[in-house]
Amino acid sequence: MSEDFGVKMENKVYYPDPSLKETLRMGDYEAIYNEFIQDPQAYWEKVANELEWIQKWDKVMEWNHPYARWFVNSKLNITQNCLDRHVHNGKKNKVAIIWVGDGGEEQVFTYRQLYREVMKCANGLKSLGVKKGDAVCIYMPLVPEQIIVTLACARIGAVHSIVFAGFGTQALNSRIKDANAKIVVTADATIRRGKRVELKAIVDEAVVNAPSVEKIVVLRRMTPPMELYSEMEIDYHEMLSNVSECEAEVMDAEDPLFILYTSGTTGPAKGIVHTCGGYMVGAYYSTRNVFDLRDNDVFWCTADPGWITGHSYIIYGPLLNGGTILITESTPDYPDAGVWWSIIDEFDVTIFYTAPTAIRMFMRMGAEWPNKYDLGSLRLLGSVGEPLNPEAFEWYYHVIGKERCPIVDTWWQTETGMHMITTMAGQPMKPGFIGKPLPGVVADVVDKNGDPVPAGTGGFLVIKEPWPSMMRTVRNNDERYRQYWTTIGKYYTAGDLAVKDDDGYIMILGRSDDIIIVSGHNIGSAEVESALVSNAAVAEAAVIGLPNALKGQILKAFVILRTGSSPSDKLKSELIYHVRMSLGPIAMPSEIEFVDSLPKTRSGKIMRRVLRAKELGMDPGDVSTLED
């Protein structure tokens, strides 16, 4: 391949148990993908027909670049597929949600119980004047009520905007105002690492200059209960109506379902708008097939509903499939580094979906922690949020999966709504490679003109055809939406650099704005980071480019060391030499700084632009998604 991208193409392949293919929901990948390519609209129509609709569509898709309409003129309510059909088809006593608190307390909701709580909450929201099309901001900890409120909004046609409960006043205020939220639903506090973190106080500040807000609904969890002084404030449980039924609002497939804000490189966060019909089909389909979800599975996605991963693979996808989901307010290292493994052991979790940043943290803590627990219930592992580097893949596969669990490393975005590229269970796994496009998705690696590049050559990742769960616009900024579809030809430009191998497997090299040009050579920061992490002393690394009069840019690396390794000039020299031997002299960092932490989004992505801005004394732009 082109040496400009400095990619070290690994040849290691793990082959799953051949018998796995015989039991998979999707069946043979190649055959199914060929079926999709031959008639894409017929393929998606077949998927959509597995769900219940109030009124079927006149046409599967209308495409007027860059705008799509899916399941044209159909009517539905997503909650009828998440709740009603399971309650009425014999699953009403099946467990829908298992919740584990920070202190180990538990709650369980069957589909019947969840259905009833959603009905009461939906009627309660209606009693506050919430109507179809109104926006409701949900700023809550990861408790069952967060899911209940979300589904209640969908039930009555309100547009929900979930804001992660780790955001501060300014970030919350900007999202409330941009969404024009009528109601804010929050809790008095969340519990993190055994400590109370106030949420209501943040909301009080955030609504000061947000005139659209009429009421604040407060889930009072703590003892003694918080006093509610203002007429704007409503107790969550007092809002709930005793009326046990709430008729589902009839929604057009293209009516908005939710707004979700995602960080931009500069400027304010982008309000990604998803609609009812296409999103429902995409979330249902990808959950069922990528995770091979079955009736007896216990599915644990460690994300938060404040992110698209939580929307699609905690709430909607699993519930559309009648699955059992596990959620927890606990952090992965409190009260000790074994807490997540103990939950898998205790609840017989079968599908575990987490982020590479968590996997690398566990690597740093050592295999002795997971080895204390019985992880034999696990049958499938997943990764999300950023590329899973080969070293983390190996640890995950051997230590957690015991060499018997397929790993589905998933690539997708807030904007896509569902998985787009992965290695489907049953397919050969290549550490470092995400995999191939999901049937239903046409992905490719192209040059700046939109022409496919040869295998082994780096280029831009694009999606060539529309798909049901694609975003419909960026709220209050449709021009920004159009840029996704007009930057490279008429393709959806993901903003990621990638490379394909001879088998069509795709490796994500990093964001296109994370390419560093050193002496005319394009170097992906992700590759240098992966090379550094492959050294036994390194736990994590981030690499940025800094201006240099001679070379244009030079590389600077920020390195977190594993326990037992200490910073030294000698180690710096060893790491630079290690990168030279891994990627070649052009990729050697000119500077290495040892650090204790790296700036990351809460979904685990390293925010390199924050490091770059700090080094250059510049404004880092929107940092509302920064974890710390």
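Trainee: What should I know before I look at any residue?

Mentor: Residues are numbered from 1 along each chain as its sequence is written, and side-chain values use heavy atoms, leaving out hydrogens and water. Since the model is predicted, local features need pLDDT of at least 70 and side-chain atom pairs count only at pLDDT 80 or more, while totals for chains, interfaces and linings use all residues.

Trainee: What is the mean pLDDT of the protein chain?

Mentor: pLDDT is the predictor's confidence in each residue, from 0 to 100. Here the mean is 91, and 94% of the residues reach 70 or more. Over residues 1–8, though, pLDDT stays under 50.

Trainee: At what angle do the axes of helix α9 and helix α10 cross?

Mentor: Helices are DSSP runs (H or I, at least four residues), numbered from the N terminus. Axes are lines fitted to C-alpha atoms, for helices over the stretch in contact, with angles from 0 to 180 degrees between N-to-C directions. The axes of α9 (residues 276–290) and α10 (residues 308–320) come within 8 Å and cross at roughly 85°. That makes α9 roughly perpendicular to α10 (the label covers 65 to 115 degrees; under 35 is roughly parallel, over 145 roughly antiparallel, and the rest oblique). Contact means heavy atoms within 4.5 Å, and the residues making it include Tyr-279 and Met-280 of α9 and His-311 and Tyr-316 of α10.

Trainee: How do I describe a pair of aromatic rings?

Mentor: You give the distance of the centres and the angle of the planes. Rings of Phe, Tyr and Trp (its six-membered ring) pair if their centres lie within 6.5 Å; planes under 30 degrees apart are stacked, over 60 edge-to-face, and the rest tilted. By this rule there are 36 aromatic pairs. In one of them, Phe-291 and Phe-299 have ring centres 4.7 Å apart and planes at 50°, so the pair is tilted.

Trainee: Are Phe-291 and Phe-299 buried or exposed?

Mentor: Buried means under 20% relative accessible area, exposed over 50%, and partly exposed in between (1.4 Å probe, protein chains only). Phe-291 is at 0%, so it counts as buried, and Phe-299, at 1%, counts as buried too.

Trainee: Which helices hold Trp-341 and Phe-362?

Mentor: Trp-341 is in helix α11 and Phe-362 in helix α12 (residues 356–365), so this pair links distant parts of the chain, 21 residues apart. Trp-341 counts as buried at 1% relative accessibility, and Phe-362 does at 2%.

How values were computed. Helix = DSSP H or I, 4+ residues; strand = E, 2+ residues; numbered from the N terminus.
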